[in-house]
Amino acid sequence: MRRLVSLTLVLVLQLPYVARSTSLYRNITMDDGLPANTVRNIVQDSCGFIWLGTDNGLCRYDGTHVRVFPIAGLGMNQYVSALLAVGNGLYIGTEQGVFCLDFPSQAISRLPLDIHSTVSNLSIDKGGNLWVSTLQQGVWRFNPRDGTCKSFPFGESKGAVSQVLVDSDNRIWSITNWGSKPVQRLNKVRDQFEPVNLKFDGSGFHSLCMMQSKDGALWLGSWEEGLLRMTDNGELKQMLSPTLTKVGTHIHSLYELSPACICIACDDGVICFNPHTGEWHRLQDSPATSFVDRFAYSVMRDTEGGLWVGTFYGGVHYLSPFSNRFDAFSADGGRKALTGNVISRFCEDRQGRVWIASDDGGLICYHPQERAFTSYPHQAVLCRLNVPPLCMDGDDLCIGNY
């Protein structure tokens, strides 16, 4: 049986690519429409769109184009410091409070919180409360159902809180990179945060990020002490030491890619750490991923398994999980170019050529052995026609049009 060539139209993430080893890769920068190359946050919404928080604005990436969403309430300072996608909306942390983007109306409104300092993190508990960490005004809890809120000042760290983590048991943790009480937990009876008595053999400890892995373990990304694992009673075990490994300094975020891989976004790039064996490697050390810059701020895996990395200097890096499994074709793809983008029919002939009909570019022929589109008699005429139906009749191709 002849080899059947399938041409797949990727509607959500049709990514132009550069082949590097067996990976599909793309780097999205200001040249592609980003308002800044510093990307601090990456989230994916329920429709598959990728949202990027940059130092100069909020962006949405649809797999082909970058669209900037100006926030009118910010004026000229469009710095976006935190993102959280929830249902049909997006919470946006800035240097001037928290905003909410409603997806159906695409309207952006400010939440009724008296926050006028940089928002460092956003999270949601199981009761639907929004937790807002700030760098000068402590932590805020906001109930979107009735609009009520409460602030937790964190005076010991002068209001500077890096993150609030809601774990699988709905416990609320706070971490900070400042002061002498880096980890605190919410006492729900008293409704106040209380310090966790940490037990650590190192010289000192401060943290920018906290993560709970699928097995329930709590992980801390520190500023100088690398990656640490924390028990419920506050015992800390150093799992990755920057002194010994020369990597893992200034950890900005943690992401569990799999049970055998925790991604560490830090000033040394992205470190892949195996919590079971203690083995690690830098993502950028692999020939297929040598594109990843140092100073990685955020790591995320999308619903298709693609890996996204936000950096300080190099914009966003995307690594597809599908290797060279798919080719993508469009009307502006050079040698791999269609004559139209509205594809209506496919048909394969006895020679294995694939004939493609489009509503906006007529008919074109794809030759899989050459991996290129080839010409045929009367192509110039047919490419000016709308061609909905195709049918092979032996060696003849029947073509319908308007």
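Ring pairs join W131, F152, F154 and F193 into a cluster; by ring pair I mean rings of Phe, Tyr and Trp (its six-membered ring) whose centres lie within 6.5 Å, with planes under 30 degrees apart called stacked, over 60 edge-to-face and the rest tilted. Before I continue, please note that this is a predicted model, in which local features need pLDDT of at least 70 and side-chain atom pairs count only at pLDDT 80 or more, while totals for chains, interfaces and linings use all residues. Residues are numbered from 1 along each chain as its sequence is written, and side-chain values use heavy atoms, with hydrogens and water left out.

Let me stay with the rings. The structure holds 14 aromatic pairs. One of them is F154 with F193, a tilted pair at 5.1 Å centre to centre and 50° between the planes. F154 sits in the loop between strand 14 (149-152) and strand 15 (163-166), and F193 belongs to strand 18 (residues 192-195), so this pair ties together parts that are 39 residues apart in sequence. Strands here are DSSP runs of E with at least two residues, numbered from the N terminus. Both F154 and F193 are buried, where buried means under 20% relative accessible area, exposed over 50%, and partly exposed in between (1.4 Å probe, protein chains only).

A further pair is Y297 with F312: the ring centres are 5.6 Å apart and the planes stand at 45°, so this pair is tilted. Y297 lies in strand 27 (residues 296-301), and F312 in the loop between strand 28 (307-311) and strand 29 (316-320). Y297 counts as buried because its relative accessibility is 15%, whereas F312, at 25%, counts as partly exposed.

How many of the residues of strand 29 are buried? Five of its five residues are. V316, Y318 and S320 point one way, and H317 and L319 point the other way. In a regular strand the side chains alternate between the two faces of the sheet. Strand 28 and strand 29 pair in the antiparallel sense over four bridges; pairing requires that DSSP finds at least two bridges between two strands. G310 has V316 of strand 29 as its bridge partner. The hairpin of these strands has four residues between them, and G315 there takes a positive phi near 70°.

I turn now to the nonpolar core, defined as a set of buried Ala, Val, Leu, Ile, Met, Phe, Trp, Tyr and Cys residues joined through side-chain atoms within 4.5 Å. The largest such core has 14 residues, and those with the most contacts inside it include W219, L240 and I264. Strand 19 (207-212), strand 23 (251-258), strand 24 (261-266) and strand 25 (269-273) each give two or more residues to this core, and strand 24 provides the largest share, three residues. Not counting residues up to four places away in sequence, L240 touches E225, G226, L227, T245, V247, I264, I271, F273 and W280, a contact being heavy atoms within 4.5 Å.

N274 is buried, with a relative accessible area of 16%.

Finally, the cysteines. A search of the whole structure finds zero disulfides, a disulfide being a pair of cysteine sulfur atoms within 2.5 Å. C59 counts as buried at 0% relative accessibility, and C365 counts as buried at 1%.
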